[in-house]
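Please examine the sequence and the three-dimensional structure shown below. The briefing that follows groups its points by topic.

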Amino acid sequence: MKKEVLLNDYSIKVKELDILHKNYLHVRLVFDVTHEMYHDVTTLLYENNFTVQIPTEKIAFQATISQYYTSITNLYNEDSVGEFTVELVEKAGEMN
């Protein structure tokens, strides 16, 4: 079952969610991005300043991207779907 993760209140249904608790929270999200979502998602990711909320885990924190990659770089074609992997790390001193 896909879990919902909110990045700056933008809802993303993730296929994989890994949560690591080391010195800071570190989460890895894997999710599909369609042609229709592409512009909104990439614009959001370029901000690189996030309020991350994972409602089912009762987790909320401020984060930046530590790693980001995708299975496809051209989602301009209709019916295209790419898999995005985004790793987010909690900003120092902003733990919730």
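In this predicted model, the side chains of Glu83 and Lys15 meet in a salt bridge, with 2.6 Å from N to O. A salt bridge here is a side-chain nitrogen of Lys or Arg within 4 Å of a carboxyl oxygen of Asp or Glu. The pair links distant parts of the chain, since Glu83 lies in strand E7 (residues 81-90) and Lys15 in the loop between E2 and E3, 68 residues apart. Helices (H or I, at least four residues) and strands (E, at least two) are DSSP runs, numbered from the N terminus.

The model is predicted: local features need pLDDT of at least 70, side-chain atom pairs count only at pLDDT 80 or more, and totals for chains, interfaces and linings use all residues. Residues are numbered from 1 along each chain as its sequence is written, and side-chain values use heavy atoms, with hydrogens and water left out.

**Salt bridges**

- Side chains of opposite charge can pair when their charged atoms come close.
- By the rule for salt bridges, the count comes to five.
- Asp32 and Lys15 also meet in a salt bridge through their side chains, at 3.1 Å from N to O. Asp32 lies in strand E4 (residues 25-34) and Lys15 in the loop between strand E2 (10-14) and strand E3 (16-21), so this pair ties together parts that are 17 residues apart in sequence.
- Glu16 forms a salt bridge with Arg28, and their closest N and O atoms are 3.3 Å apart. Because Glu16 lies in strand E3 and Arg28 in strand E4, the pair ties together parts that are 12 residues apart in sequence.
- Salt bridges that share partners join Lys15, Asp32 and Glu83 into one network.

**Accessibility of the charged residues**

- Buried means under 20% relative accessible area, exposed over 50%, and partly exposed in between (1.4 Å probe, protein chains only).
- Glu16 counts as partly exposed at 38% relative accessibility, and Arg28 counts as partly exposed at 21%.

**Thr70 beside Glu83**

- Thr70 is placed in strand E6 (residues 59-70) and is partly exposed, at 29% relative accessibility.
- Thr70 and Glu83 are 13 residues apart in sequence, and their C-alpha atoms are 5.6 Å apart in space.
- Leaving aside neighbours within four places in sequence, Thr70 is in contact with Glu83 and Phe84; contact means heavy atoms within 4.5 Å.

**Aromatic pairs**

- Rings of Phe, Tyr and Trp (its six-membered ring) pair if their centres lie within 6.5 Å; planes under 30 degrees apart count as stacked, over 60 as edge-to-face and the rest as tilted.
- A search of the whole structure finds two aromatic pairs.
- Phe31 and Phe84 form a tilted pair, 5.9 Å from centre to centre with 35 degrees between the planes. Phe31 lies in strand E4 and Phe84 in strand E7, so the pair ties together parts that are 53 residues apart in sequence.
- Phe31 is buried at 0% relative accessible area, and Phe84 is buried at 1%.
- Tyr68 and Phe84 form a tilted pair as well, with 5.8 Å between centres and 55 degrees between the planes. This pair links distant parts of the chain, with Tyr68 in strand E6 and Phe84 in strand E7, 16 residues apart.
- Tyr68 counts as partly exposed, at 31% relative accessibility.
- Phe31, Tyr68 and Phe84 form one aromatic cluster.

**Nonpolar core**

- A nonpolar core is a set of buried Ala, Val, Leu, Ile, Met, Phe, Trp, Tyr and Cys residues joined through side-chain atoms within 4.5 Å.
- The largest such core has 23 residues, and those with the most contacts inside it are Leu7, Leu29, Phe31, Val52, Phe84 and Leu88.
- Strand E1 (3-7), E2, E4, helix H1 (38-47), strand E5 (50-54), E6 and E7 each supply at least two residues of this core. Its largest share, five residues, comes from E4.

**Overall architecture**

- The secondary structure comes to one helix and seven strands, in the order β-β-β-β-α-β-β-β along the sequence.
- Of the 96 residues of the protein, 34% count as buried.
- Among contacts between residues at least 6 apart in sequence, 57% join residues at least 24 apart.
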